[in-house]
Amino acid sequence: MRAALDPSVRDNEAGPSELPVTTTSACPLCERPSAGPFVEVEALPVHVGVLWRTQGAAADAPRGPMHMHLCAGCGYVWNAAFDPGLVDYEQDYDNALHGSALFRTFESATVEHLVDRYDLHGRTIVEIGCGDGRFLGLLCEAGGNRGVGFEPGYRPERWSEAASQRVEVLAEPYTADHPRRGADLVAARQVLEHMNDPVEFLRTIRRGIGDRATALYVDVPNGGELLGELATWDLMYEHCGSWVEPALRTASAAAGFAVTDVRSAHSGQFLVLEAEPAPVKEPDGGPVAPEAAPGGSPTTPTTVARS
């Protein structure tokens with residue numbers, strides 16, 4: 001569902017051998033050479049969000065290699081053997097977390113924080129990888145906002161009861177020139193860890209924002225928990241990258257964003273990034289301020305709520 005937003009997965013129907021495979025031993029974010037893999041698994045089940053309908057289908061579930069590298073510079077962890085052609089998010093895939101009361105508490109707190117911090121009242125919100133539209137619906141109801149969700153694998157029968165009439169989900173990818181890309185906030189929740197080229201994904205968002213004063217909200221699984229707690233059960237083929245704070249800052253800066261906050265959330269399980277467009281340099285070297293959003297100003301937050 002999430003990584004279907006990566007064009008290499010979404011738009012190419014070729015078999016796994018015909019798709020580009022990540023084999024680089026240099027960090028995809030800062031290009032620092034790797035010392036080599038620290039984890040190697042040759043046949044890891046590819047999907048964690050698919051409930052197979054028969055024992056035979058489960059036994060025959062696709063598997064792929066995982067060769068995890070750690071960047072000594074920015075701390076990014078990536079699967080150098082990741083093959084996007086093995087991943088299919090358009091089947092019976094469901095990774096929704098809101099069955100958990102604890103997660104719903106985090107979700108509600110996030111909605112309240114974003115509405116307050118960015119004055120999201122009567123605004124437009126874009127969510128990339130919106131799933132069933134639940135979170136986007138909560139954001140729109142909380143502030144009387146209008147939401148546009150991008151979810152290439154969207155299935156109307158899975159529409160969340162929490163997704164309001166203020167939300168429209170487009171079963172297509174977000175692109176930098178999409179006519180519905182304009183927003184006061186762009187959110188990408190539990191998406192970045194699925195991206196084979198995360199910097200290019202963020203650059204696509206940055207190009208789509210243009211000169212608007214649009215805020216960016218991203219959350220990802222906390223790679224520090226994975227490494228610090230040796231949480232090997234969190235090693236998933238779908239997660240071709242694992243994130244810590246320096247890596248998030250490195251990727252965001254490379255994509256043209258100025259980070260306003262990075263924090264842990266949801267009892268340390270997630271990392272949250274908030275950012276705004278960095279000023280674009282004129283040929284003479286002077287900065288160009290982003291255009292103010294309707295009813296707003298180029299300066300985004302004035303307060304930061306931490307978990």
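Two residues are in contact when heavy atoms of theirs lie within 4.5 Å. Keep that in mind as you click through this predicted model.

**Stop one: confidence.** Colour the chain by pLDDT. The average for the protein is 81, and 77% of the residues reach at least 70. Now select residues 1-22: here the pLDDT is below 50, although the stretch has 60 contacts in the model beyond near neighbours in sequence. Residues 287-307 also fall below 50, with 45 such contacts. Where pLDDT is low, the predicted coordinates should not be read in detail.

**Stop two: Leu29.** Select Leu29 and show what surrounds it. Skipping neighbours within four places in sequence, you'll find Leu29 in contact with Cys74, Tyr76, Pro198, Val199, Trp243, Ala247, Thr250 and Ala251.

**Stop three: the largest nonpolar core.** Leu29 belongs to this set of 38 residues, and together with Phe201, Ile205 and Trp243 it touches the most other members. Next, highlight some elements that each supply at least two core residues, including strand 4 (124-128), helix 5 (198-209) and helix 7 (245-255). Which helix gives the largest share of this core? That's helix 5, with five residues. Apart from this core lies another one of 23 residues; pick out Phe106, Tyr118, Cys130 and Leu185 among them.

Switch to cartoon view and look for an open sheet of four strands, ordered 1-2-3-9 and paired antiparallel. Strand 1 (39-45) and strand 9 (241-242) sit at the edges with a single partner strand each, so one side of each has no neighbour in the sheet. Zoom in on strand 3 (residues 77-79), which pairs with strand 9 over two bridges. Finally, select Trp78: opposite it, in strand 9, stands Gly241.

Conventions
Residues are numbered from 1 along each chain as its sequence is written. This is a predicted model: local features need pLDDT of at least 70, side-chain atom pairs count only at pLDDT 80 or more; totals for chains, interfaces and linings use all residues. Side-chain values use heavy atoms; hydrogens and water are left out. Two strands pair if DSSP finds at least two bridges between them. pLDDT is the predictor's confidence in each residue, from 0 to 100. A nonpolar core is a set of buried Ala, Val, Leu, Ile, Met, Phe, Trp, Tyr and Cys residues joined through side-chain atoms within 4.5 Å. Buried means under 20% relative accessible area, exposed over 50%, partly exposed in between (1.4 Å probe, protein chains only).
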